[in-house]
Amino acid sequence: MVLGIESSCDETGAGLVRDGKLLGHAVASSMDEHARYGGVVPEIAARAHVHSLAPVVHRALDDAGLTMADIGAVAVTTGPGLSGALQVGLAGAKGLAYGLGVPLYGVHHLAGHVAADTLEHGPLPDPCMVLIVSGGHTSLLLVRDLARDPIVHLGDTLDDAAGECFDKVARVFGLPYPGGPAIDRAAREGDPKAVAFPRPLTGPRDDPYGFSFSGLKTAAARWAERHADGELPVADGAASLQEAVADVLTRKAVAACKEHGVGTLVVVGGVAANSRVRSLAEERCQKAGITLRVPPLRLCTDNGAMIAAVGDLLVRAGAGPAPLDLSIDPSAPLEYAALHPVARAARAAAATAA
């Protein structure tokens, strides 16, 4: 059984997975503490992880009806994310692995989002197309064996990610943080055709699978400014913004599936919880004859279950555990699911010894 620990941002998560089955998990969020600042404050997040880590692990064990003695391996997010937050999770994971005498695995946070879907729908098809959409990341990936093979990037965001666009525009619209759910709620009462917001990077000469939401964010801000002397039609703005984001994401994802002959699209990450992204993806996939897989809402946002899912895949694939000097990499690129960076000081000492 693998214990997974996630602490890359403002959620402290622990999950327990064995043979691809989720046995129990728990999440503690410090989101309310960040809301008054309009975004995540790294120092507040790190302190919240210190207070929440042990209770969250015990809650996950209680949820599964298990004890510490049942843990056979520990997996932990080692990047990307907030440096201080990642350090808290890694320190806790190292302590547990050492105390229990079990192997430790470093996991890439985004690979965790990909693996989250396996806890609901079973093993990923080989190959499959994966669209990751979150507050800090928007990527279109070709995935084969998640535990063994390199992950192929077809496209990534060039500036603001989709979730970041939602958060920043929500602030301009006077909506609360986090912006994604607030935009989704407001959009229910609006007209998605009310505002002709641009669809970035969808021209014939543009990067076919790259993403850019900075210009869309700016267009929404300029639109709001034009209503400075009157009442801002927030619902229409939110619905139109959401439609533009969902249109770009799903259009590129379905096009990638067609070009690469892939029959399954997996949409993961926090923005995968957005109602319009989910419904438009379903509509376009059904029309194109593509199978759509989206995790349940509870597994879309950051959680420890997804990290345990990757750890479970690595264990079953016979992957070697992390070295004792495992470190964090706050800006780690997504190349493999396992992420075992070593601290610079340790690398320098090893090079000197060699």
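Analyst: Axes are lines fitted to C-alpha atoms, for helices over the stretch in contact, and angles run from 0 to 180 degrees between N-to-C directions. Helices (H or I, at least four residues) and strands (E, at least two) are DSSP runs, numbered from the N terminus. This is a predicted model, where local features need pLDDT of at least 70, side-chain atom pairs count only at pLDDT 80 or more, and totals for chains, interfaces and linings use all residues. Residues are numbered from 1 along each chain as its sequence is written, and side-chain values use heavy atoms, leaving out hydrogens and water.

User: How do α6 and α9 run relative to each other?

Analyst: Take α6 (residues 162-172) and α9 (residues 234-260): their axes come within 11 Å and cross at roughly 175°. That's why the two helices, α6 and α9, are roughly antiparallel.

User: Which residues of α9 meet α6?

Analyst: Contact means heavy atoms within 4.5 Å. On the α6 side you have A162, C165, F166 and V169, and they meet α9 at L241, Q242, V245 and L249.

User: Which strands stand at the edges of the sheet?

Analyst: Strands pair if DSSP finds at least two bridges between them. The open sheet has five strands in the order β3-β2-β1-β4-β5, with mixed pairing. Two of them have a single partner strand each, so one side of each lacks a neighbour in the sheet: β3 (21-29) and β5 (104-108).

User: What is the bridge partner of L16 in β3?

Analyst: β2 (residues 11-18) pairs with β3 in the antiparallel sense over eight bridges. For L16, the partner in β3 is G24.

Technical notes
Angles under 35 degrees count as roughly parallel, over 145 as roughly antiparallel, 65 to 115 as roughly perpendicular and the rest as oblique.
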